[in-house]
Amino acid sequence: MRAFQSRITGPVLRRVAGPQNTLEMGMAFWSSRAVLAAVEFGVFTQLAAGPLSGQELMDALGWHPRTAGPVLDALVALGLLRRDRAGRYSNSRRGALLFFDRAKPSYLGGLMELSSRRLFNLWSRLPSFFSAPYRDPAACRSFLIGMTGISTGEAMLIAARFPWKRFRSFVDIGAAQGALAVSVALTHPHLTGASYDLAAVGPIFEEYVESFALSERLRFIPGDMHHGPLPTAHVICFGHVLHGYGETKRRELIAKAYDAVPIGGAVIVYDAMVDPAHPHNFASHQSSPNIMLETREGFDATTTQCTDWLRAAGFVGVTTRHLIGPTSMVFGYKPRRVPSEP
């Protein structure tokens, strides 16, 4: 892990053996589900006659506007659709024109429609053939280990790309098993850190930290970020936490972080975010429908939105960095001087 984060060997190792391709392989069901749904609803057939705006497609397909945009943009990122400057969508030259238009004799969508309605759900039951249903503690452990799988690659990049030398302590809010805390502590021996999460997470976090011999520098703080102030530290981190909430709750939590850091302290938000600077990043577009399926109010914000929220809370020097796949980090600093009222 240290070699991956080294300034000398890290860039080469991440390019040759980074986790990006592996993660894309494991998350390939995102792209599969988007394509299957598009075929089943007849997106490509609707566009065979010519370009349509997003609203025209929503009207024709009966799609809800909250999910239509992210899914259509994911199909653009996959190369199956195009979107022009006026915001109209059309079929691309790849496959869609020949194989996904129901009016053409070359239509292969029948298998796709069958897969969408029947086979996809059958394959989702595959793990049940390998193990018995697990009890709640095991389910909790499995979820946290899964979060470590999501976070390890980006945690290494955060440890390398954020100016940690300026600070002495950090708290990761909702740290799960502790991937970020461990990566940062291994890379920066001068730092002490903590995980702030629900009490049930504590033993799993402590076991993971102990496996890296970091128990003296990383501790667990039980609590609920929704109730009361956040723990104080020089840097407060929100990793894959804010996406599950609406804008009001996100602003509230960022404001709590502002209160919890000292003057000159910082907040880091790292999460799946749509980056306007990378419009063809498929993983970013496809992550948003995934969050909407899992949560009632959640959505993937844009990096621009997150930047605005940090500035509105009072943070300055707000910076955006793309990390890996759909994940970016946005960070800012608590100013040494509070701006005067106009």
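Which residue in strand 8 does Cys237 stand opposite?

Reply: Happy to! Please keep in mind that this is a predicted model. Cys237 stands opposite Ile268, a residue of strand 8. That pair belongs to a parallel pairing of strand 7 (residues 235–239) with strand 8, which runs over five bridges. To get from strand 7 to strand 8, the chain passes through helix 13 (residues 247–260), and this β-α-β crossover is right-handed. Helix 13 also lies across both strand 7 and strand 8, running at about 160° to strand 7.

Now for the other neighbour. Strand 8 pairs with strand 10 (residues 327–333) in the antiparallel sense, over seven bridges. Ile268 turns up again here, standing opposite Phe331 in strand 10. Ala272 has its bridge partner in strand 10 too, namely Thr327. As for covering, strand 8 spans residues 266–272, and seven of its seven residues are buried.

Seven strands form an open sheet with mixed pairing, in the order 6-5-4-7-8-10-9. Its edges are strand 6 (218–222) and strand 9 (316–324), each of which pairs on one side only. On average, neighbouring strands of the sheet are turned by 20° against each other, direction ignored.

Technical notes. Residues numbered from 1 in each chain as written. Predicted model: local features only at pLDDT ≥ 70, side-chain atom pairs only at ≥ 80, totals over all residues. Heavy atoms only, no water. Buried < 20%, exposed > 50% of the residue type's maximum accessible area, 1.4 Å probe, protein only. Helix = DSSP H or I, 4+ residues; strand = E, 2+ residues; numbered from the N terminus. Pairing = 2+ DSSP bridges. Right-handed = clockwise from strand over helix to strand, strands pointing away. Axes fitted to C-alpha atoms, helices over the stretch in contact; angles between N-to-C directions. Contact = heavy atoms within 4.5 Å.
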